[in-house]
Amino acid sequence: MRFRLLAPGPTPVPEDTLLEMAKPVFYHRSAEFRNLLREVEEDLQYVFQTANPVLPLTSSGTGALEAAVVNCLPAGSKVICLIGGRFGERWRSLCKAFGVEAVSVTVPHGQAVPPEHLARALADHPDARAVCATLSETSTGVGHDIAAFGKLVADTPALLFVDAISGLGAMECRTDDWHIDLCATGSQKALMLPPGLAFLAVSAKAWKVIDANPNPPTFYFDLKKARASLGTLDTPYTPAHTLVRALRLSLKRIRAEGLENLLARHARSAAAARAGFQAMGLELFAARAAGGLTVAKVPAGIDGAALLDRLEKQYGMKLAGGQDHLKGKIIRLAHMGYIDQFDVLTALSGVELVLQEMGYPLEPGAGVAAAQRVLARAIKVP
């Protein structure tokens, strides 16, 4: 039985990228690595849609979030955290860990934080040094209106921090045009790599703040050191350079397809997944859906944990469930990176089979047919 990884991270890695990682390890303080880093940096700027440097970090995406906090926010300062799920909560937890006061703007899980809530918080807290937001709230499948947030924050002294870990490369994210000051992502989502690398795009506005902070409470995540090293096409500490070498292939894959085509393909897969779940009678969970995953509610009377367990053990498909109070209540299907439309159809077929086995009233093939209709409408005939 073939195993299919269809959870929202880590995601599948293309075969040629895996083979690149199997090559012999090379020396990282070398012309070979500097040339590699130059090439990767240019392609990262393309994906981030930024003219600013994109700093590579050897860590998970959370390392990039921590770097944003510790380099910009002195202890005792104040931030506004926009929270609609576990990863919005992560921003708050990071701030509290470093003695930063977090003002929480919270909505129920499954909802997106409205821009007017941010506008009100900025008016109530003009001393806020930053706003922390998520592009794609992976725990709920919600996508936030970062462009609207950016317009609001740009007119203030505050910085806009964006967790784009599960969104960048799967949905629109225009770092410069949207006034994102620190935009973070990780390697294991739409960039089609294993975990181990994080990336942080930093604006000129943010660098002024970072440069004015003489002693950030960090050693490894000192962004001034990372910037200085990147200026010579190097890193301050030993990088995961074999991952960087593999990243080159993933980024070339993205550039060959073209960012607009890539995002359109992800949007088609997302539309197909949503149509499929709804045709099964399942309710979608996210009020404003993200581009890289679809989240559906588990039907009443069905054990969500058992559903996903059967799906994996009987059919080799790994989808994700809910976290914390959403355990057993939602299904999370990824359609980002190397996951294609036929993976989505296969996942929907597997969910249908298991739901039928568990006694859920369902017309066989209803979800798959609905998804196919969406995909067929998107096909352009020469």
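I began with helix 12 and helix 13, and their crossing is right-handed. For handedness I used this rule: right-handed if the near helix is turned clockwise from the far one by less than a right angle, left-handed if anticlockwise. Helices here are DSSP runs of H or I with at least four residues, strands are runs of E with at least two, and both are numbered from the N terminus.

Before going on, I noted that this is a predicted model, where local features need pLDDT of at least 70 and side-chain atom pairs count only at pLDDT 80 or more, while totals for chains, interfaces and linings use all residues. Residues are numbered from 1 along each chain as its sequence is written, and side-chain values use heavy atoms, with hydrogens and water left out.

**Helix 12 with helix 13**

I looked up the angle: helix 12 (residues 341–357) and helix 13 (residues 366–378) pack at about 160°, with their axes 8 Å apart. That makes the two helices roughly antiparallel. The cut-offs are over 145 degrees for roughly antiparallel, under 35 for roughly parallel, 65 to 115 for roughly perpendicular, and oblique for the rest. The axes are lines fitted to C-alpha atoms over the stretch in contact, and angles run from 0 to 180 degrees between N-to-C directions.

Then I listed who touches whom, with contact meaning heavy atoms within 4.5 Å. Helix 12 brings Gln341, Leu345, Leu348, Ser349 and Glu352, and helix 13 brings Ala366, Gly367, Val368, Ala371, Gln372 and Leu375. By class I got six nonpolar, four polar and one charged. Nonpolar covers Ala, Val, Leu, Ile, Met, Phe, Trp, Tyr, Cys and Pro; charged covers Asp, Glu, Lys and Arg; the others, Gly among them, are polar.

**Helix 5 with helix 6**

Next pair: the axes of helix 5 (residues 115–124) and helix 6 (residues 146–154) come within 9 Å and cross at roughly 20°. These two are therefore roughly parallel, and their crossing is right-handed. Pro115, Leu118, Ala119 and Leu122 of helix 5 meet Ala148, Phe149, Leu152 and Val153 of helix 6. In this contact I found eight nonpolar residues, no polar and no charged ones.

**Cores**

How many residues does the largest nonpolar core have? I found 91, and those with the most contacts inside it are Leu73, Ile80, Leu82, Cys95, Ile146, Phe161 and Leu182. Helix 2 (residues 31–48) gives the most to this core, with seven residues. A second, separate core of 33 residues includes Phe277, Tyr360, Ala371 and Val374. A core here is a set of buried Ala, Val, Leu, Ile, Met, Phe, Trp, Tyr and Cys residues joined through side-chain atoms within 4.5 Å. Buried means under 20% relative accessible area, exposed over 50%, and partly exposed in between, with a 1.4 Å probe and protein chains only.

The peptide bond from Gly9 to Pro10 is cis, with omega near -5°. I placed Pro10 in the loop between strand 1 (4–5) and helix 1 (15–21).

Leu233 is not a glycine, yet its phi is positive, about 55°. Is Leu233 buried or exposed? Leu233 is buried, at 16% relative accessible area.

Asp324 also isn't a glycine and has a positive phi of about 55°. I found Asp324 partly exposed, at 41%, in the loop between strand 13 (320–321) and strand 14 (330–334).
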